[in-house]
Each structure stands twice: as C-alpha cells, then as structure tokens.
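Please look through the sequence and the three-dimensional model before reading on.

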Amino acid sequence: MGTVASFEIGYTQYLDARGEPKQDLPAFARDPAALLPLYRAMVLARHFDLKAIALQRTGKIGTFASAIGQEAIGVGVASAMRPEDVLVPSYRDHAAQFVRGVTMTESLLYWGGDERGSHFAAAPHDFPNNVPIATQVCHAAGAAYAFRLRGEARAAVCLLGDGGTSKGDFYEGMNLAGAWRVPMVLVVSNNQWAISMPRAAQTAAQTLAQKAIAAGVPGRQVDGNDIVAVRQAAAQALERARAGDGPSLIEAITYRLGDHTTADDASRYRDEASVKAHWAQEPVLRLRNYLASLGAWDAAREEALIKDCAQQVAQAVEAYLATPMPAPAAMFEHLYATLPAALAGQLAMAQRFAGTDTPP
Ligand SMILES: Cc1ncc(C[n+]2csc(CCOP(=O)(O)OP(=O)(O)O)c2C)c(N)n1
Ligand SMILES: [Mg+2]
C-alpha cells in the first residue's frame, strides 16, 4: 500500500515557562517598546477579570466567563490584527476585544444583560460575543468570503474553544474556508476543558490543529501561554490570508486557570494540584520575567502599572453602574422588522409591568 497523503503538525514556543528564550526571537520580541504594550494589555485583562468576578458575586453583573491564564492568546492575536480586520470572538475573548478598542464598560454592559454592550463604538466591524458554541466559525468564514469577493485585503479572525472543535459548525466553516480559500484565521484556545469535559475525553484526535488538514487548511500548534509564539503565528497567518493564500488554523495550548464561568465550581471535577501546577506556566509572569531580563521591567514599574490598571477598571465599573437601565422594550427591538403577534403580547405585558406604555 502506498501513501497518498501525509501531514505534520508543528509546535512553536519562543519563551519557556520561566520567560527564557528557547530560540532566536522575531524582531518585535527583541524590542521592549513593542512588548510593553502587550504586557500592559495582559495585566489589564487580568485586573478586569478579577473585578468582573467580584461584580458577579455582589449581583452587579450576570454570569461571567473569565480568561484568567489565557491572556496571551487574546492580546497576541488582536495585536497582530489591523483595524480593518474583523474579530469574531467567543464569550471568553475580552482580552482580544480590549486590544481592538472595545471598552471595559461595554463588556460589563454585555455581561450585565444590556445589549448596548455589544455595540462597540471603537470596533464597529467586530462581531459581538458568541455564546452558541462554534457557530461563529461559519460567521467568520462568511465574512472572510465577503472580503475575498470584494477584493479587500482584510481577514476575519475567529476565536474558538477546544470543545468547539467537536461541533459540526466548526467542520462546516473550515470546509467552506478551505474550499473557497477565504482570508480566515481560526485560533483555537485549547484551555483543556469544555466546562467539565477534559480535552482527552472529547476527541480521539492527537491534536486539534490536525482537524484543519482534512479541510485543506494548514494547522499548527503554539504555546498559547507564550505571547511571542501566539503573536508571531497570528501575524504569519494574517499575512497568508491577505496575500490571497487562504485560511489557517492555530491551536494555542493553554489552561483554564479559573472556573468555566461564575456559574461553575471546577473543584467538583478537577484536581487542585493540577491547577496549581499550571499556574507555573501562566503567561503574564512569563512575559514579566522576560522583560525584567531585558532590563525593561522592575518592581517600581509593576507597582505603577497595577495602580493604573486598578484605576482604569474602577472608572469602567463606575461608568457601567452609572448607565441607566435599558427600557423593558429594548429586549424586543432589533430582532424583527415586524414584531410577531406572540411577542407583541409579551411586550405589552413588560411595559405594563415596568409602568411604561411607549411602543419600541
Ligand atoms: C451550541 C451550544 N451547545 C452547548 C452550549 C453550552 N456550553 C457553554 S460553554 C460550553 C463548553 C465550551 O468549551 P470550549 O469550546 O472548550 O470553550 P471554553 O469555555 O473552554 O472557552 C458548552 C458546551 C452552548 N453554549 N452552545
Ligand atoms: Mg475549552
């Protein structure tokens, strides 16, 4: 029997868990001026996460999905994008969104149940948070196809979880992207868990990156806690997309250090020792150690940054809490041109309940 096809999946890491370079670094990673904004963005995302969890605990927002431990993926990917590209995120991708210009106040509005939080003033082309698992891959493939059709040098960057790669929408979106060579970059945040389902139990595939191969799309793995590896892989995939060479998939290996959401208690299904061991791999300290080794970071700068982040987050929370609640009619708006009769009755009831009778 002869071999008719074969493939290899590469893995890239530049900075190891202690922040020491393992191979020659790309130019941006040798330049503290290029790395410092990335570090600041990661620290800000972590501050936001901790505050958002606290806000949920005190009833100020609804359920929240934190990105603690996954900051290098969001910041690395978004920092490689151009403003005209389009981000198609899941619900755990605020680190990427903040780099794109989405405000922390908008994010809090979203998690507080206010749809105005999905109307990003500074990132109007980016898609809103996507909660139905993997459906955003089809949206991204469609957006990327539109860019190709119009001859625009733009890319759709889709963020997805490991569990999402078990869904039909993932395979359908990838297949279309491969067949039509659309400018899509799909980044899989493999945080090892889909709620309580471990990575090993949800697919027999050796890697998630190889799922791209069947669609004729190149797939690779990177250390998702190494921002240099993530950013470099994203930049290369974006260059390919803009050059008309089609889509790519990047599997970023990371670990979900927190609960799935604030509605979850991960201690019920996973071992505390394993979580603790993964804290040694986390991305923020890794970059801080590397910056310190370049002489570009120290305790005083860290202290100043922490103060600045706390202040920025506090201001965002203040603006969120000061935003007047949407009218009850708002939840009926924008879905239909003409409200179906069954919902019209519910709208009338909501307005009676709220003491308003203004039609939407
Ligand atoms: C279509 C669909 N089915 C089920 C769910 C319930 N659900 C919410 S999150 C989740 C797990 C997703 O895991 P993964 O893709 O690895 O992303 P992560 O939450 O780890 O970032 C599931 C099954 C959903 N949101 N949408
Ligand atoms: Mg996951």
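Predicted model: local features only at pLDDT ≥ 70, side-chain atom pairs only at ≥ 80, totals over all residues.

**Two helix pairs**

Two packed helices are described by the angle between their axes and the distance between the axes. The table gives these values for two pairs.

| Helices | Angle | Axis distance |
|---|---|---|
| α5 (residues 135-150) and α6 (residues 168-179) | about 15° | 7 Å |
| α2 (residues 71-80) and α8 (residues 227-242) | roughly 35° | within 8 Å |

Helices α5 and α6 pack at an angle of about 15°, and this makes α5 roughly parallel to α6, while the handedness of their crossing is left-handed. On the α5 side the contact is formed by Thr135, Val137, Cys138, Ala140, Ala141 and Ala144, and on the α6 side by Asp169, Phe170, Glu172, Gly173, Met174, Leu176 and Ala177. Sorted by class, the residues in the contact of α5 with α6 are nine nonpolar, two polar and two charged.

Helix α2, in turn, passes α8 in a right-handed crossing. Here α2 contributes Ala72, Ile73, Val75, Gly76, Val77, Ser79 and Ala80, and α8 contributes Ile227, Val230, Arg231, Ala234, Ala235 and Leu238. In the contact of α2 with α8, ten residues are nonpolar, two are polar and one is charged.

Strand β7, which spans residues 219-223, is mostly covered, with five of its five residues buried.

**Lysine 51**

Lys51 belongs to helix α1, which covers residues 32-57. Is Lys51 buried or exposed? Lys51 is buried, because 20 other C-beta atoms lie within 10 Å, and a residue counts as buried when 20 or more do so. Leaving aside residues up to four places away in sequence, Lys51 touches Val313 and Val317. By contrast, Leu35 stands 16 residues from Lys51 in sequence and 25 Å from Lys51 in space, taken from C-alpha to C-alpha.

Terms used. Residues numbered from 1 in each chain as written. Chains lettered and ligands numbered in written order. Axes fitted to C-alpha atoms, helices over the stretch in contact; angles between N-to-C directions. Helix = DSSP H or I, 4+ residues; strand = E, 2+ residues; numbered from the N terminus. Parallel < 35°, antiparallel > 145°, perpendicular 65-115°, else oblique. Left-handed = near helix turned anticlockwise from the far one by under 90°. Contact = placed C-beta atoms within 7 Å. Nonpolar A, V, L, I, M, F, W, Y, C, P; charged D, E, K, R; others polar. Buried ≥ 20, exposed ≤ 12 C-beta atoms within 10 Å, placed from the backbone.
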